[in-house]
Amino acid sequence: HIASSEALLSYAQQRLWFIEEFEEGSNAYHIPELYKLSSNVNIENLQQAFQSLVLRHEVLRSIIVSNDASKDIQEAIQLVQDAPLLIEKEIFSLTKDTNESKLPNKLKKESKAKRVTEEQIDLIMGLRTECKNRIKEEINKPFNLSKEYPIRVKLYSIETKQDEKIH
């Protein structure tokens with residue numbers, strides 16, 4: 001018997017669950033995206049948009065739990081959660097020794113969201129390896145599908161001057 005907040009796993013969810021169980025955490029199905037946003041983007045509206053997306057799609061706010069261990073065959077179900085998506089923020093400050101002149105103008109002043117290549121991460125981060133390593137660490141962090149949603153959103157702000165931010 002499955003309760004109203006429970007559902008059988010789709011084949012794709014079964015694969016994710018199997019890989020997580022077999023490998024004890026994996027980034028095999030991660031689809032990382034990194035975007036540079038203008039400094040005047042409305043962060044509250046962006047967060048609301050992600051919350052609306054997760055609210056609309058139950059699979060994005062579900063966790064996967066194993067069935068009763070007393071059964072011969074281990075199965076899993078998804079439990080739909082009501083908690084909002086946790087959106088973390090991290091701020092990096094570029095110091096005076098950072099060579100900001102190496103940032104291309106089109107990356108400094110772009111007003112629309114633009115997909116960023118790994119090579120451009122070095123430029124956007126002001127050649128600061130600690131920033132790049134932090135983002136790579138977050139991208140490769142395995143999901144714990146029994147405790148967290150299968151989606152992560154993290155906002156990074158880079159303060160280049162006292163009043164200027166790059167998102």
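For my tally, Ala, Val, Leu, Ile, Met, Phe, Trp, Tyr, Cys and Pro count as nonpolar, Asp, Glu, Lys and Arg as charged, and the others, Gly among them, as polar. I'm working from a predicted model here.

**Entry 1, the pocket.** I applied that tally to the lining of the second largest pocket and got eight nonpolar, one polar and seven charged residues. That makes a lining of 16 residues. I noted who sits nearest the centre of this pocket: Leu85, Leu86, Glu148, Tyr149 and Ile151. For the space in the second largest pocket I wrote down about 280 Å³.

I went looking for ring pairs and came away with a count of one aromatic pair. Are the rings of Phe18 and Phe22 stacked or edge-to-face? I have them down as stacked, because their planes are at 10° and the cut-off for stacking is under 30 degrees. The ring centres are 5.7 Å apart. Both residues belong to helix α1 (residues 11-23), where they are four residues apart, about one turn of the helix. I also checked Phe22 for accessibility: the value is 62%, so Phe22 goes down as exposed, the threshold being over 50%.

I found the charged end of Arg152 over the ring of Phe143, 3.9 Å from the ring centre. Arg152 turned up again when I listed the contacts of Glu138: setting aside neighbours within four places in sequence, Glu138 touches Arg152, Lys154 and Tyr156. I placed Glu138 in helix α5 (residues 129-140). Is Glu138 buried or exposed? I logged Glu138 as buried, because its relative accessible area is 12% and buried means under 20%.

Notes:
Residues numbered from 1 in each chain as written. Predicted model: local features only at pLDDT ≥ 70, side-chain atom pairs only at ≥ 80, totals over all residues. Heavy atoms only, no water. 1 Å grid on protein atoms, 1.4 Å probe; cavity = no way out; pocket = protein on both sides within 12 Å on 5 of 7 lines; lining within 4 Å. Points joined across faces, edges and corners; volume = space filled by probe spheres on them. Phe/Tyr/Trp six-rings, centres within 6.5 Å; stacked < 30°, edge-to-face > 60°. Helix = DSSP H or I, 4+ residues; strand = E, 2+ residues; numbered from the N terminus. Buried < 20%, exposed > 50% of the residue type's maximum accessible area, 1.4 Å probe, protein only. Lys NZ or Arg CZ within 6 Å of the ring centre and 35° of its normal. Contact = heavy atoms within 4.5 Å.
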